[in-house]
Amino acid sequence: MRIAVASEKDMVTEHFGHCENFNIYDVVDGKITNKTSLANPGHRPGFLPEYLYEQGVNVIISGGMGGGAVAIFESRGIEIVVGASGKAEDAAMRFISGELKSTESICDRHEHADECH
């Protein structure tokens, strides 16, 4: 399994598309076997979900995410977990152990002025 955490350095970011980087964790038998950080190549509608799909990501973790990105991830069979916070690696570990659940914090306006629920 390959988990991507939308991050600001080592911390989970509030909004997926505007993150600084993606911390990528490869997981085998419930253990992180490899860690990588990829710079966000740029926020363009529909681009990042396809980019992460091409990187082999199976799960995306973020604080919040827009509905367009959610739809693309779902169409690619990528599991979405939103409402996360704290250290990126801790969020990945909580997901692996089954402790991290999505809060359905989906943004419905691109301005994100307190529109994420």
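Please keep in mind that the model is predicted. The protein chain has 3 helices and 8 strands. Read from the N terminus, the order of elements is β-β-β-β-α-β-β-α-β-α-β. Of the 117 residues in the protein chain, 42% are buried. As for contacts with a separation of 6 or more, 45% of them join residues 24 or more positions apart.

Now to helix H1. Which residues of H1 are buried? They are Leu48, Pro49, Tyr51 and Leu52. These residues span an arc of only 160° around the axis, so they sit on the same side of H1.

In general, two packed helices are described by the angle between their axes and the distance between the axes. Here H1, residues 47-54, packs with H2, residues 67-75, at an angle of about 30°, and the axes are 8 Å apart. H1 is therefore roughly parallel to H2, the cut-off for that label being an angle under 35 degrees. The crossing of the two helices is right-handed. On the H1 side, Pro49, Glu50 and Leu52 make the contact; on the H2 side, Ala69, Ile72 and Phe73 do. By class, the residues of this contact are 5 nonpolar, 1 charged and no polar.

Last, the backbone. Just after H1 comes Gly56, with a positive phi of about 85°. Most residues other than glycine have a negative phi, which is the background for the next two cases.

Lys9 is not a glycine, yet its phi is positive, near 60°. Lys9 is placed in the loop between S1 and strand S2, residues 11-12. Is Lys9 buried or exposed? Its relative accessibility is 53%, so Lys9 counts as exposed, the threshold being over 50%.

Asp29 is the other case, with a positive phi near 50°. Where does Asp29 lie? Asp29 is in the loop between S3 and S4. With a relative accessible area of 78%, Asp29 is exposed.

That is the end of the talk.

Key:
Residues are numbered from 1 along each chain as its sequence is written. This is a predicted model: local features need pLDDT of at least 70, side-chain atom pairs count only at pLDDT 80 or more; totals for chains, interfaces and linings use all residues. Side-chain values use heavy atoms; hydrogens and water are left out. Axes are lines fitted to C-alpha atoms, for helices over the stretch in contact, and angles run from 0 to 180 degrees between N-to-C directions. Helices (H or I, at least four residues) and strands (E, at least two) are DSSP runs, numbered from the N terminus. Angles under 35 degrees count as roughly parallel, over 145 as roughly antiparallel, 65 to 115 as roughly perpendicular and the rest as oblique. A crossing is left-handed if the near helix is turned anticlockwise from the far one by less than a right angle, and right-handed if clockwise. Contact means heavy atoms within 4.5 Å. Ala, Val, Leu, Ile, Met, Phe, Trp, Tyr, Cys and Pro count as nonpolar, Asp, Glu, Lys and Arg as charged, and the others, Gly among them, as polar. Buried means under 20% relative accessible area, exposed over 50%, partly exposed in between (1.4 Å probe, protein chains only). The arc is that of the directions from the helix axis to the C-beta atoms.
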